[in-house]
Amino acid sequence: RAAGPERITLEFVHGVKAQGARGQLHVTAAGEVLFFAAGVGVVMSPGGSPGGDGGGGGQRAGAAAPSQQRHYAEHGAEILSMALHPGGTLCATGDAGEAASIHCWDTRTMATEAVLSGGQRDGIAAIAFTPDGSLLAAADMSPAHCIALWNWRAATLLSLTRGGAGAVLGLSFSPRDSTMVSYGQRHVRFWSRPVV
């Protein structure tokens, strides 16, 4: 009987996307490092080098424990942006492509909580959660630089508006009121979000 094809499993991601990426490095509530590379979200526990051997081929006595990683690989395209939920355990990642999407996933279990798609295109340039974590804003890379406001738990698009002529590079919410700020190429804009 012929053996079937072997399954390849991702063990460790070396490197991080830095050019053109937004919000690419966070620390979770558990103290783990959260980043992305290509189409993979990575949760890495602190430790020594991968495998703990410092590249020398064997574990040295007294060496730091090896770093451990978990991977979220459900995107069908390259990840361009990331935001960490205020609770510190949920992550949102936005991808590239004509039909851009945002995946909300648990950094502990790596389970998908929601996939947000529709209304935005050409890639997700920036993502931000409201201070209470109930809503998520995202800016796309279309010529209109559209900004969407989502009820992410229900996967419901609440509003979509043009962000202006310049590329949106970041979004942030005020902790005191319903104001959101978008910033980017030659602009800073203040927005009033609907009370939901």
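Is Tyr-72 buried or exposed in this chain? Tyr-72 is buried, because its relative accessible area is 1% (buried means under 20% relative accessible area, exposed over 50%, partly exposed in between, with a 1.4 Å probe and protein chains only). Some notes on the rest follow.

1. Ground rules. This is a predicted model, where local features need pLDDT of at least 70 and side-chain atom pairs count only at pLDDT 80 or more, while totals for chains, interfaces and linings use all residues. Residues are numbered from 1 along each chain as its sequence is written, and side-chain values use heavy atoms, with hydrogens and water left out.

2. Overall make-up. The chain has 15 strands and zero helices (DSSP runs numbered from the N terminus: E of at least two residues for strands, H or I of at least four for helices). Its length is 196 residues, and 44% of them count as buried. Taking contacts (heavy atoms within 4.5 Å) between residues at least 6 apart in sequence, 41% join residues at least 24 apart.

3. Aromatic pairs. The whole structure holds two of them (rings of Phe, Tyr and Trp, the last by its six-membered ring, with centres within 6.5 Å; planes under 30 degrees apart are stacked, over 60 edge-to-face, the rest tilted). Back to Tyr-72: this residue and Trp-105 are stacked, at 4.6 Å centre to centre and 5 degrees between the planes. Tyr-72 sits in strand S4 (residues 68–72) and Trp-105 in strand S7, 33 residues apart, so the pair links distant parts of the chain. Trp-105 counts as buried because its relative accessibility is 0%.

4. The other pair. Phe-129 is buried at 9% relative accessible area, and Trp-152 is buried at 2%.

5. The core. Trp-152 turns up again in the largest nonpolar core, a set of 16 residues in which Ile-102, Cys-104, Leu-116, Leu-136 and Trp-152 have the most contacts (a nonpolar core is a set of buried Ala, Val, Leu, Ile, Met, Phe, Trp, Tyr and Cys residues joined through side-chain atoms within 4.5 Å). The elements giving two or more residues to this core include strand S6 (90–95), strand S8 (112–117) and strand S10 (135–140). S9 gives the most, with three residues. In soluble globular proteins, nonpolar side chains tend to be buried together.

6. The largest pocket contains about 200 Å³ of space. Its lining has 17 residues, with Met-82, Ala-83, Ile-127, Ala-128 and Leu-171 the closest to its centre. (On a 1 Å grid over the protein atoms alone, a pocket is an open set of points where a 1.4 Å probe fits, with protein on both sides within 12 Å along at least five of seven lines; lining residues have an atom within 4 Å of a point. The volume is the space filled by probe spheres set on the points, which are joined across faces, edges and corners.) S9 gives the most to this lining, with four residues.

7. Ser-45, in strand S3 (residues 40–45), counts as buried at 18% relative accessibility. Beyond neighbours within four places in sequence, Ser-45 is in contact with Glu-32, Ser-67 and Gln-68.
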